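Biologist: I'd like to walk through this model with you, one piece at a time. Could you keep it simple?

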Amino acid sequence: MQASQDDRANEPLLAVRNLTIDIPVGGGTLHAVRGIDFELKRGETLCIVGESGSGKSLTSLAVMKLLGKSIRPHADAMTFEGTDLANAGPKAMRRLRGDRIAMIFQEPMTALNPAYTVGDQLIEAMRLHRPVSKAEARARALDLLGKVGITAAESRFSQYPHQLSGGLRQRIVIAMALMCEPDLVIADEPTTALDVTIQAQILRLLVDLQRELGMAMILITHDLGVVARVADRVAVMYAGELVETGSAAEIFNAPLHPYTRGLLRCIPVPDKTRRGADLGSIPGIVPSLIGEVRGCAFRDRCDMAVAACVEPIPERNDGPAHSYLCVHDQAALADGPAAPDDREVPA
Amino acid sequence: MSAADAVPLSETPPVPEDEALLRLKEVSKSYSIRRGLFGERKTLTAVKSVDLALARGEVLGLVGESGCGKSTLAKILLGLEAPTSGDVLVGGQALAGQDRTKLARRIQPIFQDPYSSLNPRKTVFDIVSLPLRIHGIGDGPSRQKRVTEILDIVGLSKRVTRAFPNQLSGGQRQRVAIARALVMKPEIVVCDEPTSALDVSVQSQILNLLSELRREFGLTYLFISHDLAVVQHLATRVAVMYLGRIVEEAGVDELFETPRHPYTRALLDSVLTPDASLGVPDTELGAAFPNPIDPPSGCAFHPRCPKRFAPCDHEFPPTVPTKNGGFVECHLYRERAGASQ
């Protein structure tokens with residue numbers, strides 16, 4: 001899963017600087033996303049992982065400019081292939097969405113229109129952006145349906161979404177996202193609603209197609225197993241911040257931020273966690289992000305919290321691509337309680 | 001392909017005839033379905049002649065894809081659905097004709113979604129004390145005491161007693177659902193995907209709580225889940241279900257170390273462990289889960305099976321007992337069946 005060897009591979013396809021998303025609520029302002037930076041190279045897969053409410057889906061919607069009117073995003077810079085997304089108007093965005101940037105959502109039934117056949121929707125996805133005839137679009141759609149593993153594509157063409165199983169629907173949604181050969185696919189929990197067997201198939205399909213077509217992908221998920229298997233780079237999100245960013249190997253083999261370590265201790269891993277023994281857990285709950293948030297948002301749940309955690313938190317680096325937000329440096333974190341490999345296995 | 005030689009201590013052996021706390025005997029459930037307004041009626045067989053037994057203190061993991069009949073089986077166990085044919089025996093007594101409230105004292109459910117399984121207009125106290133009131137157990141003060149006790153056991157503070165479900169987090173709601181299930185001191189708890197709607201850090205808390213409660217109260221679980229890592233972590237025995245049939249049953253270590261049925265193998269291959277050095281596996285499974293209204297002939301799994309051969313598409317596979325008391329239902333093991341009979 002290396003980035004493509006394309007000449008343009010070194011300049012970012014998407015760059016986001018200091019993105020904040022504020023949502024006015026009854027009691028004040030909810031700071032849902034609090035100044036995050038990330039970039040994505042061509043052909044690269046970035047996984048944003050976090051629990052519900054961490055702001056991962058809002059981040060992707062902000063990139064697509066699909067946030068509701070009452071939500072206020074701000075970014076110092078948000079560029080896609082040189083286009084300034086931050087200042088792009090609705091028309092310019094409509095031209096990009098579904099063409100250069102495509103999106104795959106969690107629940108395929110809500111992404112498909114129940115009143116139109118699968119074929120009509122696939123053809124429309126292309127004809128909206130390209131001056132092609134219906135027959136050409138149809139040929140492309142049939143080709144893609146084959147690619148996403150749908151047999152008897154012709155007969156699926158005239159079916160309505162409700163006539164298909166969840167796995168088939170998600171394959172259709174993926175085919176639709178790929179109609180215009182996008183440069184970037186944003187997939188928000190694309191396999192969460194599916195069975196494990198179908199999940200593995202759909203993910204494999206996405207990874208294969210992505211490599212074949214040289215697309216970049218942002219995959220948003222809460223499933224650490226999916227992240228480990230799919231990601232080139234991983235961004236761990238907690239309470240509206242990217243608390244740790246690094247390569248998949250760095251995040252899973254040498255996690256530094258106490259939240260990342262805590263998450264990895266929570267999941268049972270065959271041959272690592274002793275059966276029936278207690279799993280690790282993260283005590284407490286996510287803090288409210290309404291009103292001013294000072295210092296580290298994780299400090300109340302962190303077993304390494306110190307007085308300095310209420311102050312602004314420095315960003316630290318361990319190597320060129322591995323960064324994390326913590327008052328502790330790498331040495332202190334390494335001595336801290338329980339790295340995932342020496343997790344306690346009580347009898 | 002030989003069976004594991006020693007059964008590890010933590011595994012549970014098959015249940016002898018007379019020791020089953022709960023036993024299903026050739027239980028089937030079919031529904032009559034009409035497709036469309038004028039469509040003809042067709043029969044959907046959700047559970048096909050299933051035998052299953054639960055011994056006291058064990059955790060039987062039930063795994064399979066959506067639509068395979070896991071939840072129908074759970075409903076039959078809970079007495080929420082009557083089987084079309086076959087018997088459900090609770091403590092040796094047939095369930096048919098028994099009072100459902102009596103059954104409810106022994107078997108209680110915990111469902112997947114703590115958002116829809118709790119009445120939004122009732123307080124936590126009302127929700128947790130309802131079983132006590134229905135069964136006429138205790139009076140006001142003693143119920144109050146029992147509810148406070150059970151909330152404490154599941155890790156909820158006294159303060160939430162007056163709260164409504166919408167004021168609670170997902171994890172807290174699932175704790176309320178667990179408290180409601182345990183307030184009757186049942187013997188068996190049917191957990192139908194109890195953590196799949198929860199975040200990772202909350203999931204581990206709930207799984208730890210379920211283990212702790214089992215140890216403390218000697219509970220027996222039927223644990224239905226699509227998450228095989230969780231099943232491997234919690235279960236003592238595992239049954240794999242495909243299209244209404246249990247196609248393989250074995251002790252947990254045996255099942256995960258030497259899966260026999262090609263479907264079990266495909267399921268295990270699909271598990272994505274958090275290992276960054278591995279990619280997404282190729283499960284070699286065909287795409288579509290078959291339509292249960294029109295199931296494939298012979299072995300229901302044959303259209304997706306990477307190992308199918310001559311008899312699979314027309315002959316129903318034999319049930320082949322395995323060394324340690326489990327079984328597998330597959331033509332691949334037929335010769336062994338002949339040898340052992």
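Modeller: Helices (H or I, at least four residues) and strands (E, at least two) are DSSP runs, numbered from the N terminus. Keep in mind that this is a predicted model, where local features need pLDDT of at least 70, side-chain atom pairs count only at pLDDT 80 or more, and totals for chains, interfaces and linings use all residues. Residues are numbered from 1 along each chain as its sequence is written, while chains are lettered from A and ligands numbered from 1 in the order in which they are written.

Biologist: How many residues lie between strand 1 and strand 2 of chain A in their hairpin?

Modeller: Strand 1 (residues 14-25) and strand 2 (residues 28-40) of chain A pair in the antiparallel sense over 10 bridges. One of the bridges joins Pro24(A) to Thr29(A) in strand 2 of chain A. The number of residues between the two strands of this chain A hairpin is 2.

Biologist: Chain A is split into domains. How far apart are the C-alpha centres of domain 1 and domain 2 of chain A?

Modeller: Domain bounds come from an automatic or database domain assignment. Here, domain 1 of chain A is 45-61 + 89-231 and domain 2 of chain A is 237-335. The distance between their C-alpha centres is 32 Å.

Biologist: How many residues does each of these domains give to the contact?

Modeller: Two residues are in contact if their C-beta atoms, placed from the backbone, lie within 7 Å. On the domain 1 side of chain A, strand 3 (45-49) and helix 9 (224-230) each supply at least two residues. Domain 1 of chain A and domain 2 of chain A each bring 10 residues.

Biologist: Now the two chains. Which helix of chain A gives the largest share of the side that touches chain B?

Modeller: The contact takes 44 residues from chain A and 40 residues from chain B. Among the chain A elements giving two or more residues are helix 7 (166-178), helix 8 (196-213) and helix 10 (248-253). With 8 residues, the largest share comes from helix 8 of chain A.

Biologist: Which strands of chain B stand at the edges of its open sheet?

Modeller: The sheet has 4 strands in the order 2-1-4-5 (chain B), with antiparallel pairing. Inside that order, strand 1 (residues 20-34) and strand 4 (residues 85-90) of chain B pair over 5 bridges, and Leu22(B) stands opposite Val90(B). Each edge strand has a single partner, so one side of each is left without a neighbour in the sheet; the edges are strand 2 (41-55) and strand 5 (93-94) of chain B.

Biologist: Roughly parallel or roughly antiparallel: how does helix 3 of chain B run relative to helix 5 of chain B?

Modeller: The axes (lines fitted to C-alpha atoms, for helices over the stretch in contact, with angles from 0 to 180 degrees between N-to-C directions) of helix 3 (residues 124-134) and helix 5 (residues 170-182) of chain B come within 7 Å and cross at roughly 25°. Angles under 35 degrees count as roughly parallel, over 145 as roughly antiparallel, 65 to 115 as roughly perpendicular and the rest as oblique. Therefore helix 3 of chain B is, relative to helix 5 of chain B, roughly parallel.

Definitions and conventions:
Pairing = 2+ DSSP bridges.
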